[in-house]
Amino acid sequence: LTPGPSPPEGRGEQGAGPLPPGTFTPEGGGESIRTITFTGDIGRKEVPILRDPSPIPPADLIISESTYGGRSHPGIEMLAEELLAVIQRTVERGGKLMIPAFSMGRTQTILFHLHQLIDTGKLRPLPIYVDSPLSAAATEVFRLHPECFDEETSMLLYRERDLFGERLVHFTRTVEESKAINQVSIPCIIIAASGMCETGRIVHHLKYNLEDPRNTVLIIGYQAPETLGRRIVEKRPFVRIHNREVALRAEVAVLNGFSGHAGRDDLLAMLSPLAAPTRKLRLVHGEVDQAEALLATLKERGFVDAAIPDRGESVTLD
């Protein structure tokens, strides 16, 4: 497929003007118009801070993520309680809670929940370190753009300006500040990138803290195969960090509900109404078992030409 030219005066559904984004004409020209929707990471409904995802636009070809196509996320209230339980277990042991988190979005969501837990008295204040210059900058961007918040968060912001717990959070920017966290001997929370533990300052914190059974690693997002994050989720006895074998003695907790990817229920709710107008559906960005689980249900709901493409496979729209 190649991008189509703007239709001549008087042609096309809207008359003159450029074709909508994602619109193509068959190679070689012609009057037939084809549309493609690529979802990217769809996002989740009813999570704090940002507004819910927009509906998926109908198209001849939809290319959709399927990361959690076979698994639904728990409700936000239950998720907050599970987070609280992980923190309390770690604090009772006198340990540190390490949270690998993407700098944009995931870090701010965790800070929001931590602030709410402390503000409501469910969690007593304890040191919280955001050890990532990019996370600090991204949090400032969130703070400066409340017009992007959902209605619930906007109402909270009206009552409480400290939504991300700035009074309780230490944003570390320099290498020296980061290294100093290793000397903290009391229970604390360390949030650092990267989210899959492959790079960034979280790697150093894991190297120095994984062997202590008082500590906890909290995984809050998808971990790709063969990343350090996935090896930790699999609870391998030893993991290699900076060419050193490190014993995994810390507790490993997984709360995938904090993921930025839609769960199975949301994926089905957004895709199912599009069965009739969609000529072809292709599921990507999901491990085989997750994509196959979603694919089977979508076929039951009316998608005729739906598949999981092989790498490099072409799709033809006649």
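User: What makes β5 and β9 (residues 216-219) a strand pair?

Analyst: In this predicted model, the two strands share two bridges, in the parallel sense. Pairing requires at least two bridges, so β5 and β9 count as paired.

User: Why are β7 and β12 called edge strands?

Analyst: The open sheet has six strands, ordered β7-β6-β8-β5-β9-β12, with parallel pairing. β7 and β12 (251-254) each pair on one side only. Neighbouring strands in this sheet are turned by 20 degrees against each other on average, direction ignored.

User: Why is the set of 27 residues called a nonpolar core?

Analyst: Such a core joins buried residues of the nonpolar set through side-chain atoms within 4.5 Å, and therefore its members are each under 20% relative accessible area. The largest core has 27 residues, and Leu 114, Ile 189 and Ile 191 have the most contacts inside it. Elements giving two or more residues to this core include α1 (76-93), α2 (106-119) and β8 (188-192). Another core, of 22 residues, lies apart from it; among them are Tyr 129, Ala 192, Ile 232 and Val 246.

User: Which residues does Leu 114 touch, not counting those up to four places away in sequence?

Analyst: Leu 114 touches Leu 83, Ile 87, Leu 123, Ile 128, Ile 189 and Ile 191. A contact needs heavy atoms within 4.5 Å, so each of these residues meets that limit with Leu 114.

User: How much of the protein chain is buried?

Analyst: Buried residues make up 48% of the 318 residues. The chain exposes about 16,100 Å², and carbon and sulfur atoms supply 53% of it.

Notes:
Residues numbered from 1 in each chain as written. Predicted model: local features only at pLDDT ≥ 70, side-chain atom pairs only at ≥ 80, totals over all residues. Heavy atoms only, no water. Buried < 20%, exposed > 50% of the residue type's maximum accessible area, 1.4 Å probe, protein only. Helix = DSSP H or I, 4+ residues; strand = E, 2+ residues; numbered from the N terminus. Axes fitted to C-alpha atoms, helices over the stretch in contact; angles between N-to-C directions. Areas by Shrake-Rupley, 256 points an atom, 1.4 Å probe, with all protein chains shown as cover.
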